[in-house]
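Please open the structure in your viewer and keep the selection tool at hand.

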Amino acid sequence: MSDASSASVKSNPAIAPSEPSGITLLQTLAQHVLAFDKRQLTKGAIAQARTCILDAIGVTLAGYPEPCTQILLKTPGVATAPGPSLIFGSARRTSALDAALINGTASHALDFDDFSGIMGGHHSVPLVSTLLALAEERGGTGQDIVAAYVIGVEVEIRLARAVNFHHYDKGWHPTATLGVFGAAAAACHLIKLDHAKTTMALCIAASLASGLKANFGTMTKPLHIGQCCRNGLLAALLAEGGFDAATDVFEHAQGFLNVFNGPGTFDTAKLFENWGQPWEIEAKSIGLKQFPCCGSTHPAINMALNLRREEKIEAADIARIEVMPHGRRLRHTNTPHPQTPLEAKFSVQYVVARALRYGVLRLKDFEGDAHFDPEIVRLLDLTTASPHPDMADDAEHQWGAEVIVTMKDGRRLARRIDNLVGRGGDNPMSSSELWDKFSDCAARSLPREQIAPLFERLETFEKITEVAQVTRLLEVSELHKAPAKKVVFAPRGAQEAPETTWVP
């Protein structure tokens with residue numbers, strides 16, 4: 001950048017302020033990444049990181065047979081480089097860069113991965129595939145990977161605090177556009193780059209950030225994550241080799257903040273305010289997806305399951321079902337009669353009917369013709385959905401729902417929750433619930449006999465002495481082939497309702 005350009009940046013009031021003494025934002029961020037030590041990890045941070053890593057590996061195995069992953073694998077030049085890094089659910093090994101690309105894409109193929117209410121996206125998938133691929137190539141203990149994961153989450157969500165929700169509402173996919181910085185930071189921490197090289201990696205990542213919400217509902221959405229994993233790792237490896245970038249790439253008039261957000265739409269003070277107190281991974285806004293469908297439907301699903309279990313409801317005795325989510329949760333989930341598996345994932349009516357009829361939701365309930373199950377179609381005819389009148393759009397909590405079931409004998413049974421952002425915080429998934437989800441996911445790619453040992457190993461992830469203790473349980477003989485999946489995407493209308501809040 002020329003001296004003249006530098007002068008104009010410094011005098012422009014629209015530019016984000018640098019830290020004191022002329023240190024840029026990404027130089028300061030690199031200092032925080034470098035200063036992080038695994039001895040700073042609390043028991044809560046370790047436990048939540050372990051759970052999120054376990055969950056991410058499970059959904060990656062579920063995504064391996066999906067068309068987006070398989071098409072990518074068959075693309076000439078992809079995953080042909082030699083290397084030690086495993087493509088999960090296969091016997092194929094390649095470079096860390098290509099393994100990160102493939103596993104990262106698989107991890108988001110089903111949109112079943114965990115998410116952060118602050119990030120407006122999915123915090124684990126940019127990191128887990130990146131770190132395991134890199135650890136296989138460079139080495140690393142479970143504790144090393146957990147520490148790198150935690151600092152990666154911190155970077156992602158701190159950036160989100162600075163740029164959201166304008167960043168999301170503008171059309172960017174934060175899982176990728178912010179996740180790439182988390183992936184770069186985590187990779188730098190794992191291979192112990194110094195301050196100058198960590199800064200360069202973050203600066204390089206700024207030009208590798210991408211992901212448009214216009215591609216939600218297509219195979220390109222999970223590709224965002226594969227590219228994010230690969231690009232974050234690539235940024236770290238390039239920086240390690242001496243590659244350079246502009247250190248003021250955040251503050252510059254044509255830098256990340258002004259281009260991706262725009263002047264006046266971000267608050268950089270939130271990047272470092274109360275850093276690590278507590279760690280972002282410990283926040284109650286971190287949630288796991290218990291069910292393989294849109295996260296906005298989960299409060300209503302939980303209320304339906306509670307009703308079924310506590311009131312001993314039999315579907316044959318139901319006369320009417322009323323579903324009343326928070327209005328922001330209903331706008332993209334009001335699909336009374338889904339016609340495709342994807343529409344079923346975004347139908348609060350469908351998922352509540354399934355919960356009341358069968359008491360469980362599994363991956364198979366969103367495949368093939370499951371949405372045309374006659375028992376479910378009958379219940380859908382009895383179901384109405386409307387915004388809850390007591391849950392305001394501008395309320396502090398926006399993840400509530402009430403489900404009311406009127407029985408044929410006249411009883412009116414109801415359950416309500418005012419805020420449920422996935423499963424986490426004060427309402428974590430139990431080990432049994434984690435196993436139910438993990439085994440359902442892993443069975444898509446692994447032989448049954450490998451699933452329980454893998455789950456048990458992941459439950460003590462921070463104690464592994466080398467990553468091979470995990471990846472050897474993720475490897476599958478060529479004799480075990482998972483069937484390919486066919487995905488039908490819902491047609492999208494020419495006029496779509498604008499999204500005013502994020503959709504996990």
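What follows is a tour of a predicted model, from the whole chain to single residues.

**The whole chain**

Begin with the entire protein in cartoon view. Its secondary structure comprises 21 helices and 8 strands. The radius of gyration is 23 Å, close to the 23 Å that the globule rule gives for 504 residues, so the protein is as compact as a globular protein of that length. Turned along its principal axes, the C-alpha trace spans about 80 × 55 × 45 Å.

Next, switch to a surface view. The protein exposes about 19700 Å², of which carbon and sulfur atoms supply 52%. Buried residues account for 58% of the 504 residues. Of the contacts between residues at least 6 apart in sequence, 77% join residues at least 24 apart.

**Confidence**

Colour the model by pLDDT. The average is 91, and 90% of the residues score at least 70. Now select residues 1-20, where pLDDT stays under 50. For this stretch the model has 31 contacts beyond four places in sequence. Then select residues 487-500, where the pLDDT is also below 50; this stretch has 21 contacts in the model beyond near neighbours in sequence. Where pLDDT is low, the predicted coordinates should not be read in detail.

**Two cis peptide bonds**

Select asparagine 164 and phenylalanine 165. The peptide bond that joins them is cis, with omega at about 0°. Phenylalanine 165 belongs to the loop between α7 (142-163) and α8 (166-170).

Then move to glutamine 277 and proline 278, which are joined by a cis peptide bond with an omega of about -5°. Here proline 278 sits in the loop between α13 (256-261) and β4 (286-287).

**Positive phi angles**

Select aspartate 111, in the loop between α5 (96-107) and β3 (115-116). Its phi is near 55°, a positive value in a residue other than glycine. Is aspartate 111 buried or partly exposed? Its relative accessibility is 21%, and it counts as partly exposed, since buried means under 20%.

Lysine 192 is the next selection, in the loop between α10 (179-190) and α11 (195-208). The phi of lysine 192 is near 60°, again a positive value in a residue other than glycine. With a relative accessible area of 65%, lysine 192 is exposed.

**A covered helix**

Select helix α6, residues 128-138. How many of its 11 residues are buried? The helix is mostly covered, with 9 of them buried. The buried residues include Val128, Leu131, Leu132 and Leu134, and also Glu136.

First, select leucine 238 in helix α12 (residues 220-240). Leucine 238 counts as partly exposed, at 27% relative accessibility. Apart from neighbours within four places in sequence, leucine 238 is in contact with Ile204 and Phe243. Draw a distance from leucine 238 to isoleucine 204: they are 34 residues apart along the chain, and their C-alpha atoms are separated by 8.4 Å.

Second, select leucine 413 in strand β8 (residues 412-417). At 11% relative accessibility, leucine 413 counts as buried. Which residues does leucine 413 touch, not counting those up to four places away in sequence? They are Leu307, Glu311, Ile313, Val403, Ile404, Val405 and Met407. A further distance to draw runs from leucine 413 to arginine 308, 105 residues away along the chain, with 9.9 Å between the C-alpha atoms.

Third, select lysine 364, in the loop between α17 (348-358) and α18 (374-380). Lysine 364 is exposed, with a relative accessible area of 54%. Leaving aside neighbours within four places in sequence, lysine 364 is in contact with Ala370 and Arg444. To finish, draw the distance from lysine 364 to leucine 73: the two are 291 residues apart in sequence and 24 Å apart in space, C-alpha to C-alpha.

Technical notes
Residues are numbered from 1 along each chain as its sequence is written. This is a predicted model: local features need pLDDT of at least 70, side-chain atom pairs count only at pLDDT 80 or more; totals for chains, interfaces and linings use all residues. Side-chain values use heavy atoms; hydrogens and water are left out. Helices (H or I, at least four residues) and strands (E, at least two) are DSSP runs, numbered from the N terminus. The radius of gyration is taken over C-alpha atoms; the globule rule is 2.2 Å times the number of residues to the power 0.38. Buried means under 20% relative accessible area, exposed over 50%, partly exposed in between (1.4 Å probe, protein chains only). Contact means heavy atoms within 4.5 Å. Accessible areas come from the Shrake-Rupley method with a 1.4 Å probe; for residues, only the protein chains shown count as cover. pLDDT is the predictor's confidence in each residue, from 0 to 100.
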